[in-house]
Amino acid sequence: MIRITDILDKTHEYLSPEDLEMIEKAYIFSAAVHKDQKRLSGEPYLIHPLEVAGILVEMKLDKSAIITGLLHDTVEDTLTTIEQIKEDFGEEVAFLVEGLTKISKIRFGSQIERQAENFRKMMLAMSSDIRILIVKLADRVHNMRTLEYQPKDKQRFIARETLEVYAPLASRLGINWMKMELEDLSFRHLSPEEYFGLLNKVAKKKEEREEYTEKVKRIIQEKIEGYELKGRVDGRPKHLYSIYEKMNEQHINFDEVYDLTAFRIILDSNEVKECYEVLSVIHANWKPVPGRFKDYIAMPKANNYRSLHTTVIGPYGERVEVQIRTREMHEWAEKGIAAHWRYKEGKISSDEDEGQIEKLRELFEVQHEHKDAREFMRNLKIALFPDEVYIFTPHGDVKSFPKGATPVDFAYSVHTDVGSHCIGAKVNRNIVSLKYKLQNGDTVEILTQPGHHPSKDWLKYVVTSRAQSKIKQWIKTEERGKSIAIGRDVLEREFKKNHLTFKKIVKSNEFKEILSDQSLGTVDDLMALIGYGKISAKYIINHFINEEEKKEEDISAKPKKKPGVTSDTGIKITGVDDVMVRFAKCCSPLPGDDIIGYITRGRGISVHVSNCPIVQEMDPERLVEVRWNIKQKQTFRANIRLVCIDKKGLLSDLSSVISSLGININSANIDTIRGENATCEFELDINDLDQFNKLSSAFRKITGVLSVERVRGTFSDSRKKDYLRNAFKS
């Protein structure tokens, strides 16, 4: 456990005595206001802010950031006010603490809305001061280190949020150690069996790998010193999550992962030319693996990471990954933006650092255009996962894009109008399809035509959040106009049918009250909702007809049950009654899944799992909040796929497990290839997600079962489109 004396001893190395005095004052203040509070572990709450401050000290952050680490929960969790922080510790610290204070007094309709608003608030504050994000990341690191004290469902939610948002944010800031730790901790809580299984396998090979690593380090060191190049060679084991990802992406077993260690050559000099000299030494002595060389010095990553990467058939005939960099590059690779973070009169020390922060701000500014919470979070996650390609403009400038980017993504990066008016593209002077996937080194020229508009089909192949946002924005505006016209027409006809004057009533105070009750600003907003089907025209009419007419209206409008539609689907729809509900076949939701509803045209509401890829392409205006409301025992279709070692009695073992849990099998399919593994697919009747998880856990305990995966939709659909990248992400 860290103590304030440890923090003061470490800050003594780079801060003034006056700064240390203020840090100690902040510690005393935090200890006083958190005095009677305990963490879920039973420890005094003060341990948490101390640990957060300790992480910031290790990163050599400035006085204000460390004080903020000590005070970051005082306003949220005690009676302390921002004014009090400002009075005792100054405006700068007060601003940082306020930027970190969570939204607690606003009521939200769902957890996803709260999550989105917290990120919006943090990003808005971060655009003025990046230290808010760094302190927040340090806070998340310590919370993840002690996550086991949270309830299981909360563990999974926090771990998934960390893996999908916080780890990529750490990566974007270049703080590599933090990214790796957050990924591994998330992996541990999202997929504990896979995590501990992999941990044991790595541990078994530890001595063997350490011996091999030391031998290779000595050989590489001797080779570079033979050419009078000075530097040190490090060998670091890859972190568990990166090994797990590699196994999944390449569909290989642990024993087939050869490059468990990455070797780094860190030169004493900061001369870039020496990196290329070392590269030539490595390639002269060991045969390079084709397609495995990456030059991040000539073309740095989005987070300004610079290094040379190459994979060679190294000593003892094994594949060896070698990274070559200067001392300065290595410091950035490990610490990122924090490596050079120094505030002087409120300004950043270097133009390079400011450039990185500006890129991050641009990334977040695009997200602010999304009012819908789910769309905001979805686009934020997409924006944080770039696997980059480097493209040239016709003028020779270099732009980086996520892997899979198209000319349309390029067009929107130039300007919104260039993207919207794009009719074609030339790549390396040749006309290409707008679906063409850009390759490293391509030179791209966009062809435009005034008056041309974006196509909805573009959403199927653009990958940048900016392009997706701008296309959806145009489509939304276009569809809103159509919905306003439809809504107005429907309402006018309903008014005429009930002998009411539309033009007169829309100007009345009672109509304004309806707008106010629905939190709408204009008549067009209401017309759009009617056109989308979110508000019924009859609901509006009922405000303007007398009670007798209402009764007659209710009797005549009473819905008749449609054949084949059950009275209780187990779904509750916010603000909507008497509507047909069906479960989407593309993702087959189970009770316990986070779900969302979509208003279809003439087929009621389709219920999807919230992270279903199909939902990403839907009009957000037609999405409605839905929740599970199971009143009687029901079963739901679920598909599961297992990869097993082919052996006698396999099907019997699997069937016994299914039967022991009282689960019915609708269909089963076993594919085997002599000498290889067996793929077993089952379509089952499942009560809920909890029962499915118990089944998955029971399957994993069977000897010979290599992987267990929940399959969204039908098996034939899943073969066409892999909805799940990793089993545990489901």
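Is the crossing of α10 and α11 left-handed or right-handed? The structure is a predicted model, in which local features need pLDDT of at least 70 and side-chain atom pairs count only at pLDDT 80 or more, while totals for chains, interfaces and linings use all residues. Residues are numbered from 1 along each chain as its sequence is written, and side-chain values use heavy atoms, with hydrogens and water left out.

The crossing of α10 and α11 is left-handed, a term used if the near helix is turned anticlockwise from the far one by less than a right angle, with right-handed used if clockwise. Helices (H or I, at least four residues) and strands (E, at least two) are DSSP runs, numbered from the N terminus. Two packed helices are described by the angle between their axes and the distance between the axes. Helix α10 (residues 152-172) packs against helix α11 (residues 176-190) at an angle of about 160°, and their axes are 9 Å apart. Because of this angle, α10 is roughly antiparallel to α11; angles under 35 degrees count as roughly parallel, over 145 as roughly antiparallel, 65 to 115 as roughly perpendicular and the rest as oblique. Axes are lines fitted to C-alpha atoms, for helices over the stretch in contact, and angles run from 0 to 180 degrees between N-to-C directions. Contact (heavy atoms within 4.5 Å) involves, among others, Leu163, Tyr166 and Ala170 of α10 and Met178, Leu182 and Leu190 of α11.

The crossing of α3 and α9 is right-handed. Residues of α3 including Val52 and Ile55 meet residues of α9 including Ala138 and Val141.

The largest nonpolar core has 70 residues, and Ile7, Ile23, Leu71, Leu137 and Met178 have the most contacts inside it. A nonpolar core is a set of buried Ala, Val, Leu, Ile, Met, Phe, Trp, Tyr and Cys residues joined through side-chain atoms within 4.5 Å. Buried means under 20% relative accessible area, exposed over 50%, and partly exposed in between (1.4 Å probe, protein chains only). Beyond its neighbours within four places in sequence, Met178 is in contact with Ile55, Met59, Leu137, Ala138, Val141 and Ala170. Another core, of 32 residues, lies apart from the largest one and includes Val581, Leu650, Val657 and Leu684.

An open sheet of 3 strands, with antiparallel pairing, has the order β12-β11-β13. Two strands pair if DSSP finds at least two bridges between them. The edge strands, β12 (430-432) and β13 (444-448), each pair on one side only. Neighbouring strands of the sheet are turned by 35° against each other on average, direction ignored. Strand β11 (residues 422-427) pairs with β13 over 5 bridges, and Glu445 in β13 is the bridge partner of Lys426. Helix α19 (residues 407-414) packs on the sheet and touches β11, β12 and β13, its direction making about 80° with that of β13.

Most residues other than glycine have a negative phi. Arg429, in the loop between β11 and β12, has a positive phi near 75° and is exposed at 79% relative accessibility. Glu228, in the loop between α13 (206-225) and β1 (231-237), has a positive phi near 60° and is exposed, with a relative accessible area of 72%.
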